[in-house]
Amino acid sequence: MMEKRRMQGKGLKKVSLSVPGLGAAGVPVMGSLAGANKVGGLVGGMRSPRLTVVLREFEDFENYVGDVARSFLRQRPELSFIVVADTLPYPPLILPENARLLVLSPSPEQPPQTHRLEFHVQTEYVLLVPDGVELEHGRQLERLIRELEGEGGGPVRLVAAPVLTRAAVQCLHLKVSLKEWTATYSPGALGSSGSVCTALHGDAVVLIRTEDLFNLSVPLARPLLSALFVQTALRGWKVKLLEGPSFSASHRPLFTSAHNQWKADSHLKEATNQLMRSFGLRHLVWPDGRDQWFGCSKETARCFGTVHDDTPEYLYLERWTPPCCLRALRETTKYVINILESSGVRYWLEGGSLLGAARHQDIIPWDYDVDLGIYQEDVHNCEYLKNLDSGSLVDANGYVWEQAVEGDFYRIQYSEANHLHVDLWPFYSRNGIMTKDTWTEHKQDVEFPEHFLQPLVPMPFAGITAYGPNNHRAFLELKFGEGVIENPQYPNPSKKKLDRTTTQPPPTFAHTTLA
């Protein structure tokens, strides 16, 4: 049975500022680590070990880090065992003599390599282990190395073994679309001697070549396995999850109190949010269909700032509209259309929104607002619109209705904090031609015959059924030019052009009819 970190025993030391061989921040000097690699071999009678064990994730307030290190070094004393922490752990860790602590936070009096793991690993492989795991037999390590060597130079670049039972780990397929800010998980596939996939979910020990680990952009980001598999999936690498043998762990769950479990869960949630934002991922889709969001909401600002030259900043990053922003636009559109219909205000999809409906049955995936045309004579039918001659109002659901400062039209924002919006453009008929009082510099902002609106026709759009002009193709080609539906382009090609060779059309959005 493992002993808790606060219990000291023979051969243990506290890792703190006063430990010999450590820098002022409790970081091992390079000589100490190099010396750990001079004893014995691991596989095939090699004179030096081929493996460095790295324990990256643990909680300061309750952990078994010292016992994990002791279990590995008891079976394989020649191993290099490194504990990696963002800052100096407190209370101090209690580690065996051959285990070392590496603190990632830089210290101004030390050289940069002191805080970078790649300068401290001199072995061919790195084994990433979770807190609380035990090594019962050295042959468990040998099996992992043989399995990875057997894959040669193929796509399998990592090999993993479950902790406790195979059932505790899910082998998943992970598709990461940075352009769409989204990571999608689905069940993985079976291989000849285990499950082969692109991500794991659960408690596992993972072996990776040192060269591969340090070719990742952020090899030690937390949560470790989440960060690891996002990066490896983007490179087309796969992981093989062995059916057995499992690594043992004499203490699961790790935490002895509900309060400590809550603290650990809170830290995990915070770390996951930071990771996804740093990777530019706003939306995770899990195998059971659950959505997890890391972007904007009604309580926060939208994910991008003021748009200049009709080209939002994310296009320069080779990305499209963040999915949380699209979700907010869909919600706002559904809400506004429902109010217009119930108030007797005739409306139709306009401009790029109509183009999105024709092309995708949804918002164009790089668009940042929604445009609707309305009959000016119907404005007085809507309580929210008829009183907006000056100022704005916030309705009971938090949406902001206002007269736009840019001209004679209306804008409905998602919330006071989040300015994603739907614009309403009032038109009126003059001699059978629909015109208005405020015009923009957009080439599609032109007058058009009223017969396109007689009648209005239902169209799937953004998950609902909205109304659009009859003969929408002719309407769009009048405004944008011939072939506009089949030839997508960014709104201002002089600033940023769409690369059509790499553009895949997004899936059609499922829609429902408004009640």
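Helices (H or I, at least four residues) and strands (E, at least two) are DSSP runs, numbered from the N terminus. This is a predicted model, where local features need pLDDT of at least 70 and side-chain atom pairs count only at pLDDT 80 or more, while totals for chains, interfaces and linings use all residues. Residues are numbered from 1 along each chain as its sequence is written, and side-chain values use heavy atoms, leaving out hydrogens and water.

**View 1. Here is how helix α9 packs with helix α11.** Helix α9 covers residues 351-360 and helix α11 residues 472-480; their axes lie 11 Å apart, at an angle of about 135 degrees. Axes are lines fitted to C-alpha atoms, for helices over the stretch in contact, and angles run from 0 to 180 degrees between N-to-C directions. The angle makes α9 oblique to α11 (under 35 degrees is roughly parallel, over 145 roughly antiparallel, 65 to 115 roughly perpendicular, and the rest oblique).

**View 2. Now meet the residues where α9 touches α11.** From α9 come G351, G352, L354, L355 and A358, which meet H472, F475, L476 and F480 of α11 (contact means heavy atoms within 4.5 Å). By class, this contact of α9 with α11 has six nonpolar, three polar and no charged residues. Ala, Val, Leu, Ile, Met, Phe, Trp, Tyr, Cys and Pro count as nonpolar, Asp, Glu, Lys and Arg as charged, and the others, Gly among them, as polar.

**View 3. Finally, look at what α6 brings to the lining of the second largest pocket.** With ten residues, α6 gives the most to this lining. The lining residues of the second largest pocket divide into 23 nonpolar, eight polar and eleven charged.
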